[in-house]
Amino acid sequence: MAMLDRPVDPARAEALDAADPLRGFRARFAIRDPDLVYLDGNSLGRLPLATAERLRTVVDEEWGGDLIRAWDSWLDLPVRVGTRLASAVLGARPGEVIVSDSTTVNFYKLALAALEARPGRRSVVTDRANFPTDRYVLEGLARSRGLKVRWIESDPVDGPTTADVEAALDDDVAVVTLSLVNYRSAAIADMPAISSLARAAGAFSLWDLSHAAGALEIGLQESGADLAVGCTYKYLNGGPGSPAFLYVRTVLQAELRNPIQGWFGQRDQFAMGPAYDRASGIRSWLTGTPTIPAIVAVDEGARLVEEAGIANVRAKAAALSAYAVELHDNWLARLGFSLGSPRNPTRRGAHVAVRHPEARRLTEAMIRHGVVTDFREPDSIRLGLSPLTTSFRDVWTGLALLRDLGGG
């Protein structure tokens with residue numbers, strides 16, 4: 001990286017790294033190229049070393065040795081790992097979270113269940129900046145069921161507000177669904193206030209936690225959220241395509257029904273009965289046979305967050321993003337860049353978006369120079385700041401390169 005041979009002192013980044021209480025976790029991940037700066041953990045987290053070892057055990061000893069007998073310990077994995085996520089990551093109670101399927105499938109299940117529980121209501125509320133898969137599912141449900149999607153035109157940086165949601169609500173709304181952290185700008189929505197507004201209007205609140213789980217203190221119980229989904233391959237480091245999770249508040253589990261009735265959600269699945277008799281509690285939200293190696297990988301990623309402590313993880317994420325914003329203001333603002341994330345750190349997740357008219361070209365150039373980040377339309381470079389693996393020196397290096405590429 002010859003471009004970085006400029007007299008800019010990285011001593012502050014090194015001091016921040018030395019004082020970081022989570023600095024030891026970085027060594028517990030596979031880092032094959034120590035010169036590569038990876039600022040894309042908000043898309044795919046690094047591989048925990050413990051995951052590779054655990055998977056070898058699953059393959060060699062459990063599958064390879066125990067064969068079908070291994071299902072004696074595998075059957076409850078979706079619930080057991082869900083319980084770990086509930087307590088260590090999501091601020092939920094045991095029996096409210098389960099690991100299954102993909103985020104899209106889980107979102108479909110919960111959205112349709114909520115709609116069927118409000119049969120007289122014909123509208124759902126979301127924002128146009130919501131994550132695409134959620135919007136696509138809602139559009140499909142609206143088309144097939146004759147519903148209307150009420151679109152919130154939210155601020156591109158600050159995201160949807162309580163006032164935006166309140167203006168869209170009436171007694172025809174069945175579901176209000178938003179992302180807790182906006183995938184482009186990292187804006188954090190006010191989950192407690194918006195969930196309360198939805199409940200007061202007689203609607204369900206359904207949250208996508210994909211860009212929050214493993215990086216924020218979410219507090220599902222305290223927030224009053226009804227339903228939630230999220231992926232596990234970002235800050236939870238579950239691996240590419242790792243299964244998602246879903247959350248159903250305990251008081252709603254008797255009322256809402258999984259619309260995809262599969263044999264793993266059957267009360268006595270091995271009786272192979274003639275009719276569907278759903279299992280009790282959160283198990284009823286399972287569908288088909290779970291992918292055991294993938295769930296095991298989620299478990300190991302969640303263990304690391306549990307060990308680090310979600311409060312410490314959140315504090316590190318806030319510190320990393322604050323440093324990135326500081327470097328943006330000092331280096332990039334004069335070069336035609338603008339901040340695409342909220343300035344208030346309490347309203348900013350664990351990535352920082354930097355906007356520039358040539359963002360796509362700059363992102364491609366950064367990757368060629370050994371700093372991996374990503375581009376989001378129309379003009380955002382996302383700097384993913386995974387608290388367990390990203391160093392302050394990584395942030396310094398990435399922003400210094402962007403400054404040089406941008407003409408500083």
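Okay, let's start in the sheet: strands β3 (residues 123-127) and β4 (residues 148-152) run parallel and are joined by five bridges. Pairing here takes at least two DSSP bridges between the strands, and strands are DSSP E runs of at least two residues, helices H or I runs of at least four, numbered from the N terminus.

A quick caveat: this is a predicted model, with local features needing pLDDT of at least 70 and side-chain atom pairs pLDDT 80 or more, while totals for chains, interfaces and linings use all residues. Numbering runs from 1 along each chain as its sequence is written, and side-chain values use heavy atoms, without hydrogens and water.

Back to β3. Ser123 sits opposite Lys148 in β4. To get from β3 to β4, the chain goes through helix α6 (residues 132-145), a right-handed β-α-β crossover; that's clockwise from first strand over helix to second, with the strands pointing away from the viewer. β3 also runs parallel to β5, through three bridges, and there Val124 faces Val175.

So how enclosed is β3? Five of its five residues are buried, so the strand is largely enclosed by the rest of the structure. Buried means under 20% relative accessible area, with a 1.4 Å probe and protein chains only. Ser123, Val125 and Asp127 point one way, Val124 and Thr126 the other.

Now the largest nonpolar core, 57 residues, where Leu90 and Trp207 are among those touching the most other members. A core here is buried Ala, Val, Leu, Ile, Met, Phe, Trp, Tyr and Cys joined through side-chain atoms within 4.5 Å. α10 gives the most, eight residues. A second, separate core has 32 residues, including Leu320 and Trp331.

How values were computed:
Buried < 20%, exposed > 50% of the residue type's maximum accessible area, 1.4 Å probe, protein only.
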